[in-house]
Amino acid sequence: MAEVRPAQICRRLLAALDASEGRRRRRKRDTTPDSIGMEIKRTLLEEAVRDDPDPDAFEGWLLERSMSAPSGPSGPIRAMALDVLAEWRLAQTSGVFRNWLEQGARSDDAETAER
């Protein structure tokens, strides 16, 4: 299997994040904290696509993002960076997850949000 770069996975994770946004909008409770976390995650994913860090340096690249926030080290950014790292690792080890991402991360939540 050819080496998959973080930018490739993060580009696909952005599509999966859209499904989460559809699910979030349908919740009956206040989802402001959810939207803040999703926006942080979206920013990390977009920056990873833009910067295209090396696979071996991706964890350090994510740590740098959480340590260099304008307001100082950020717990919320660190939490979302850990989430992105976990999904990156899952994509490296799970063919099923990687295939789902490669097929556009289809979700009933995303389809419902588009209607």
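Predicted model: local features only at pLDDT ≥ 70, side-chain atom pairs only at ≥ 80, totals over all residues.
Where is the place of Asp52?

**View 1. Asp52 sits in the loop between helix 2 and helix 3.** Take a look at the backbone here: the phi of Asp52 is near 45°, a positive value in a residue that is not glycine. Most residues other than glycine have a negative phi. Asp52 has a relative accessible area of 32%, so it counts as partly exposed, a class that runs between 20% and 50%.

**View 2. The largest nonpolar core brings together 26 residues.** Ile9, Leu45, Phe58, Leu62 and Leu101 are the ones with the most contacts inside this core. At least two core residues come from each of helix 1 (6-26), helix 2 (32-51), helix 3, helix 4 (75-93) and helix 5 (95-102). Helix 4 gives the largest share, with seven residues.

**View 3. Leu45 and its contacts.** Now let us zoom in on Leu45, one of the core residues with the most contacts inside the core. If we set aside neighbours within four places in sequence, Leu45 is in contact with Cys10, Leu13, Leu14, Leu17 and Val84.

**View 4. Ser66 is a residue of helix 3, which spans residues 58-67.** Is Ser66 buried or exposed? Ser66 counts as buried because its relative accessibility is 2%, and the cut-off for buried is under 20%. Who are its partners? Not counting residues up to four places away in sequence, Ser66 touches Gly72, Pro73, Ser74, Ile77 and Arg78.

Methods: Residues numbered from 1 in each chain as written. Heavy atoms only, no water. Helix = DSSP H or I, 4+ residues; strand = E, 2+ residues; numbered from the N terminus. Buried < 20%, exposed > 50% of the residue type's maximum accessible area, 1.4 Å probe, protein only. Contact = heavy atoms within 4.5 Å. Core = buried A, V, L, I, M, F, W, Y, C linked by side-chain atoms within 4.5 Å.
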